[in-house]
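Here is a short tour for someone meeting this structure for the first time. Please keep the sequence and the 3D view at hand as you read.

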Amino acid sequence: MRISQGYGTCLCKNKAAMAGLETFEVGPCEEAYEMGYLVGQSFSHLIRSRVDSDLILRHQLLPFARSPEAQPLIQSLSTANREMFPRYWDELSGMADGSGVSALQLVLLNFRKEILPFLPKTAAVQESPVTGDDDCSDVLVVNKAMAIAAHNEDANVALVGHTYLIKATLPGRLSFTAYTYAGELPSCAFGFNSYGMAYTLNSVPPIQDEIFAGGIGRNFISRSLLEATDIDDAMSRIRSCNVSVGHSYNLVDVRGRKIMNVETASRKRISVREVGSTPFFHANMYMHLQVEQVQDENSICRHKRAAQLSAHSEAEILSILGDTDNEKYPIYMSGPTLYTLCTALIDLDKQTLSIIEGNPKNGGVSHLLQMY
């Protein structure tokens with residue numbers, strides 16, 4: 001197929017570098033492959049750099065992928081997600097071709113959470129200082145004075161400098177904006193669309209017996225949520241997927257002034273909690289879905305610290321997300337392994353999403369995006 005720049009089958013606007021976070025506007029494209037190709041082409045430098053520097057990919061995922069025992073898992077993941085989300089699979093294929101990075105490497109990045117639990121527990125893996133863990137923290141509240149979803153986007157050091165904003169227009173009237181990890185589908189972090197729907201995400205750690213090998217990947221579900229027309233549609237998209245590993249979704253309905261926390265696990269288990277006037281803190285633990293989970297000391301410490309702090313204003317909420325009281329497990333992370341890449345503040349009343357780079361308690365909004 002012909003990939004065109006400018007006014008062809010797909011409008012591709014120039015990238016803009018704002019406060020270190022590059023933004024790329026693309027679409028509408030006739031084919032999902034074309035949009036993926038243009039994103040991959042535009043951010044090939046960041047995608048290649050991430051692939052080269054991601055130690056989890058290079059030291060764990062790639063060696064495992066080359067082993068005979070990995071083939072059934074990778075094949076079942078690929079088949080299940082390609083069949084359920086063919087457009088997003090084409091988008092990922094286009095990204096690989098556009099960036100010049102192998103499709104296998106991007107598949108491994110997008111399925112890293114679904115693959116890592118099945119790595120053989122060899123001495124090399126157990127002793128590795130590199131883990132697949134990433135952590136996020138959210139403070140959610142809806143009362144008469146404010147309706148806010150505030151989110152720390154935490155990730156492994158490999159992601160520092162390897163994120164960008166995608167502003168995509170799809171055929172029809174839908175458009176979305178998504179904070180995106182290099183080489184991954186938009187977005188495993190946070191995003192919103194022109195219907196006034198938004199989300200932030202929290203990883204949760206079910207034990208291995210609770211994981212379904214070869215199920216639907218979280219990156220494909222979150223990509224689907226960027227096209228949800230309302231909160232009921234978003235819920236339907238989540239419920240329809242037999243996920244491999246667990247996840248927590250914070251669904252934000254700007255038009256309805258509503259925030260829902262949705263926790264999921266394999267075998268289509270789901271629990272929904274509507275956020276109200278009592279501030280709700282969520283890190284990386286199941287809070288209301290009954291699933292046997294890994295005891296994560298990091299999340300436990302963050303929950304305990306957040307419970308000690310007031311969240312009666314926007315400033316206090318940002319102060320919670322900027323807290324560094326616990327040196328070992330702070331809410332705001334600055335290394336050596338985990339970093340808070342940015343903080344997203346969704347204000348449902350102002351209908352804005354602010355991105356703060358640096359400690360959020362110090363302010364410093366780098367991007368102010370109108371949502372709806």
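## A buried charged pair

Glu91 and Arg223 are both buried, where buried means under 20% relative accessible area, exposed over 50%, and partly exposed in between (1.4 Å probe, protein chains only). The two residues form a salt bridge, with their closest N and O atoms 3.1 Å apart. A salt bridge here is a side-chain nitrogen of Lys or Arg within 4 Å of a carboxyl oxygen of Asp or Glu. Glu91 belongs to helix H5 and Arg223 to helix H9, so the pair ties together parts that are 132 residues apart in sequence. Helices (H or I, at least four residues) and strands (E, at least two) are DSSP runs, numbered from the N terminus.

A word on the source: this is a predicted model, in which local features need pLDDT of at least 70 and side-chain atom pairs count only at pLDDT 80 or more, while totals for chains, interfaces and linings use all residues. Residues are numbered from 1 along each chain as its sequence is written, and side-chain values use heavy atoms, with hydrogens and water left out.

Glu114 is buried, with a relative accessible area of 2%, and Arg218 counts as buried at 7%.

Glu210 and Arg269 also form a salt bridge, and their closest N and O atoms are 2.7 Å apart. Glu210 lies in the loop between strand E8 (197–203) and H9, and Arg269 in strand E11 (residues 269–274), so the pair ties together parts that are 59 residues apart in sequence. Glu210 counts as buried, at 11% relative accessibility. Elsewhere, salt bridges link Arg50, Asp54, Arg112 and Glu184 in a network.

## Helix H5 and what covers it

Let us return to the helix that holds Glu91.

Which residues of H5 are buried? They are Tyr88, Trp89, Glu91, Leu92, Gly94, Met95, Ala96, Gly98 and Ser99. Their cover includes helices H1 (32–42), H2 (44–53), H4 (71–84), H6 (103–110), H9 (218–225) and H10 (231–239); contact means heavy atoms within 4.5 Å. After H5 comes Gly100, whose phi is positive, near 80°.

## Strand E13 and its partners

Strand E13 (residues 338–347) has nine of its 10 residues buried, so it is largely enclosed by the rest of the structure. Two strands pair if DSSP finds at least two bridges between them. Strand E4 (residues 147–156) runs antiparallel to E13, joined by nine bridges, and Asn152 has Thr343 in E13 as its bridge partner.

E13 also pairs with strand E14 (residues 352–356), in the antiparallel sense, over five bridges. Leu345 stands opposite Ser354 in E14. E13 and E14 make a hairpin with four residues between them, and Gln351 in the turn has a positive phi of about 60°.

Ser354 leads on to Leu369: their C-alpha atoms are separated by 6.2 Å, although the residues are 15 apart along the chain. Leu369 is found in strand E15 (residues 365–370) and counts as buried at 9% relative accessibility. Beyond its neighbours within four places in sequence, its contacts include Gln351, Thr352, Leu353 and Ile355.

Asn261 lies in strand E10 (residues 258–265). Is it buried or exposed? Asn261 is buried, with a relative accessible area of 0%. Its side chain makes a polar contact of 2.8 Å with that of Asn250 and another of 2.6 Å with that of His288. A polar contact is a pair of N or O atoms within 3.5 Å; within protein, one must be able to donate a hydrogen and the other to accept it, and residues adjacent in sequence count only if both atoms are side-chain atoms.

The UniProt record, an unreviewed entry, annotates residues 146–362 as "domain: Peptidase C45 hydrolase". UniProt positions are given in the numbering used here, feature names are shortened, and annotations may be inferred rather than shown by experiment. That span is 17% helix and 34% strand, and its end C-alpha atoms lie 20 Å apart.
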